[in-house]
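The entries below follow the order in which I looked things up.

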Amino acid sequence: MKEEKTSKEETKKKEERHAILLSGFSRDYKKTLAKLKKNLRTAENVDLFICFWDYTGTRDKKKHTSIKKKSGTPLIVCKDRSAGKVDKDKVAKDYQPTALRIFDLDYTTDIIEPLSRIIEDTDVCPTGLKFSYQVTRGSLMFFLIKQTFLLMKSHEDKHNIRYKNVVRARTDFVCGGYYPKVDWSRDYDDSILVGDWNWSGVNDYKINDHFAISSRENMKSYCMFYDHMHVATKKFITNELKTTARGNTKAWSPEHMLAIYFKENKISFKRHRDKGP
């Protein structure tokens, strides 16, 4: 009986499927692709879903010609379009994804940016730093994370499957970031494990937005945050977390907002301590 039970458990493990959700700009992907294959996509039952912007993106920065802070100083912004367009065929060849979608950055920005300009004139933005650029970029980021989750869900519905463990990742890292070694046979449902570097925010309301892994249901809460950003912005209006001080604010920081949402909804998250080889 014991051998039969073990055999059933092994069969179940083989039937389970897991997913990696990769989103954002494709910058640096050629530098991190090998590590993704070595540490993340390490088994046949791991599928990969990608949603990238149609521009490669770059971390090079410049002074914006028209956007200024309330102080009058120019805003420093990323030159997202300076590196040119994404080669979709090459991305597909390099990653061999289960599904891939490329989104039009200009079109999506044209929808979100006017709303961001409305938001900047409300109490949701901190005094002294009322500019729409920061609101737009955070919104674009969470929008694309949501779309990657929906791309995965569409595949689930089509093939009548449901993924067990889900990873959220991006192609570039800062402050010593990396892809942790994932053990796909493990249960990750007790908490959302977040990359153990560059946790940004204020006090306990901080997190990392580069990497996370947990069960599908936990990661649904993470990936659908775009629909719940108002939970975080309520805290900016009251300033109860002291994050909207003039000249030193974390309001509209993607990491800070996500951490607020998790804490408000009692969603457990902690650092992923296992770096792996």
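I began with D172, which is buried at a relative accessible area of 2% (buried is under 20%, exposed over 50%, partly exposed in between, with a 1.4 Å probe and protein chains only). The model is predicted: local features need pLDDT of at least 70 and side-chain atom pairs 80 or more, while totals for chains, interfaces and linings use all residues. Residues are numbered from 1 along each chain as its sequence is written, and side-chain values use heavy atoms, without hydrogens and water.

I found that D172 forms a salt bridge with R27, the closest N and O atoms being 2.9 Å apart (a side-chain nitrogen of Lys or Arg within 4 Å of a carboxyl oxygen of Asp or Glu). R27 is also buried, at 9% relative accessibility. I noted that R27, R170, D172 and D209 are linked in a network of salt bridges. By this rule I recorded 22 salt bridges.

I next looked up R271 and D196, whose side chains meet in a salt bridge at 2.9 Å, N to O. R271 is partly exposed at 30%, and D196 is partly exposed at 23%.

For K235 and E240 I recorded a salt bridge of 2.9 Å, N to O. K235 is buried at 12%, whereas E240 is partly exposed at 46%.

Last, I turned to the helices (DSSP runs of H or I, at least four residues, numbered from the N terminus). Helix α5 (residues 132-159) and helix α6 (residues 216-223) pack at about 145°, with axes 9 Å apart (axes are lines fitted to C-alpha atoms over the stretch in contact; angles run from 0 to 180 degrees between N-to-C directions).

Note on methods: Helices (H or I, at least four residues) and strands (E, at least two) are DSSP runs, numbered from the N terminus.
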